[in-house]
Amino acid sequence: MEHLELTILGASSAIPLTNRYPSSQFLTLASRHFLIDCGEGTQVRLRANNIGFSRIDRIFISHLHGDHFFGLAPLLSTLHLLDRQKELHIYSPKGLKEAIQQQMKLQGSWLKYPVIFHNLQTDSFQNIYEDERVTVHSFPLKHSIDCFGFWFREKEKPRKMLKSAIEKYNIPPAEIRQIKNGKDWTDEDGNIIPNQELTTDPSSPLSYAYCTDTAPIDELQDYLHAPDLLYHEATFMEEHRKRAVQTNHSTARDAAQMALNVNAKQLMIGHFSVRYHDLDPLLEEARSVFPNTLLAGEGTTYALHPSRKKLKLIER
Ligand SMILES: [Zn+2]
Ligand SMILES: [Zn+2]
């Protein structure tokens, strides 16, 4: 898949409401599938969005407030019942393993598939996952307990081979990989064909940053540089700033300011307080500072293509 796809399974804070669920997102980037936070109801939301449970290999939990992980133990149990065999990796602040173990102990069982818990460090920008196509970093946020943001990034892609060049210079398949990595080609007569005549630029790598729950922090600009999409919590509006400060959360205006600070290309706001029935005023508040903002829509899937760099809704 040549694009980034993000499904909002829940974008509400603290308490579930009818049609508004606690935090959870399903991200696909470079054909990798990641579950980000796992609030109550995540399994049901995955089902409602036709996302197979077996696609999830890595789960990222921002912090251990219930609205971000109370859906995890049920999901792990279901994977056990579905006879999962492959490893599952979970990245979270310290303490999650013990909480899950306790729940499993009360149930009198443990999971038959391997679950590997990775504890996040509290004070640094940390590379927590990497393979040949993506990297994931975590970084500390400012909340009432240890809390982390995540930055998911595609790596630079190989150059694109021109079909016409393969035919023209009679290039064997075994050489194509090296040419895609930038090598020139020497033809049968010894002429060197420069790489620019054989390939075109690859599409630029995409990135997605997830920041919830947090007060606005100056350090964000040290961690994030021009993410294609920044998800930032906007639990409150400016009229409830006092409450935002007391609880280490952000207002919609704060979220927009963070998007400006890190030079984000687009901003999505979420983690809305249940006190707001109409979310449009939050959107307006954010847009007054950062126009390219949208609301995280419950049950909505967004796609970002490298060529267009503009989020688009996917109809299901
Ligand atoms: Zn929360
Ligand atoms: Zn929280």
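Which residue, just after α4, takes a positive phi? Glycine 108 does, with a value of about 75°.

The views below come from a predicted model, in which local features need pLDDT of at least 70 and side-chain atom pairs count only at pLDDT 80 or more, whereas totals for chains, interfaces and linings use all residues. Residues are numbered from 1 along each chain as its sequence is written, while chains are lettered from A and ligands numbered from 1 in the order in which they are written.

View 1. Helices (H or I, at least four residues) and strands (E, at least two) are DSSP runs, numbered from the N terminus.

**View 2. The chain is assigned to two stretches of structure, domain 1 (4-157 + 203-314) and domain 2 (160-199).** These bounds come from an automatic or database domain assignment. Taken over C-alpha atoms, the centres of domain 1 and domain 2 are separated by 42 Å.

**View 3. Strand β1 (residues 4-10) is joined by bridges to β2 and to β18.** Six of the seven residues of β1 are buried, so the strand is largely enclosed by the rest of the structure; a residue is buried if 20 or more other C-beta atoms lie within 10 Å of its own, exposed if 12 or fewer, and partly exposed in between, with C-beta atoms placed from the backbone. Strands pair if DSSP finds at least two bridges between them. Five bridges join β1 to the antiparallel strand β2 (residues 24-29), where serine 24 stands opposite glycine 10.

**View 4. Seven strands form an open sheet of mixed pairing in the order β7-β8-β9-β14-β15-β16-β17.** Its edge strands, β7 and β17 (293-295), each pair on one side only. Neighbouring strands of the sheet are turned by 20° against each other on average, direction ignored, where axes are lines fitted to C-alpha atoms, for helices over the stretch in contact, and angles run from 0 to 180 degrees between N-to-C directions. Strand β9 (residues 148-154) pairs with β14 (residues 207-211) in the antiparallel sense over four bridges, and within this pairing arginine 153 has serine 207 as its bridge partner. Helix α10 (residues 280-287) lies across β16 (267-270) and β17, running at about 165° to β17.

**View 5. Glutamine 126 lies in the edge strand β7 (residues 126-130).** With 15 C-beta neighbours inside 10 Å, glutamine 126 counts as partly exposed. Leaving aside residues up to four places away in sequence, glutamine 126 touches Leu120, Gln121, His137 and Ser138, contact being counted where C-beta atoms, placed from the backbone, lie within 7 Å. Alanine 30, which is 96 residues from glutamine 126 along the chain, has its C-alpha atom 21 Å from that of glutamine 126.

**View 6. The largest nonpolar core has 66 residues.** Such a core is a set of buried Ala, Val, Leu, Ile, Met, Phe, Trp, Tyr and Cys residues joined through C-beta atoms within 7 Å. Tyr208, Leu230, Ala255, Ala259, Leu267, Ile269 and Ala286 touch the most other members, and helix α9 (residues 252-261) gives the most to this core, with five residues. Among the residues that leucine 267 touches, beyond those up to four places away in sequence, are Leu230, Ala255, Ala259, Ala286 and Phe290.

**View 7. Helix α9 is largely enclosed by the rest of the structure, because seven of its 10 residues are buried.** The buried residues are Ala252, Arg253, Asp254, Ala255, Ala256, Met258 and Ala259, and what covers them includes α7, β15, β16, α10 and β17. Asparagine 263, which follows α9, has a positive phi near 60°.

**View 8. Several loop residues have backbone angles of note.** Most residues other than glycine have a negative phi, and most peptide bonds are trans. Asparagine 50, in the loop between α1 (42-48) and β4 (58-60), has a positive phi near 55° and is exposed, with 9 other C-beta atoms within 10 Å. Alanine 226, in the loop between α7 and β15 (229-233), has a positive phi near 50° and counts as exposed, with 11 C-beta neighbours inside 10 Å. The peptide bond from threonine 212 to aspartate 213 is cis, with omega near -20°, and aspartate 213 is found in the loop between β14 and α7 (220-223).

Methods
Two residues are in contact if their C-beta atoms, placed from the backbone, lie within 7 Å.
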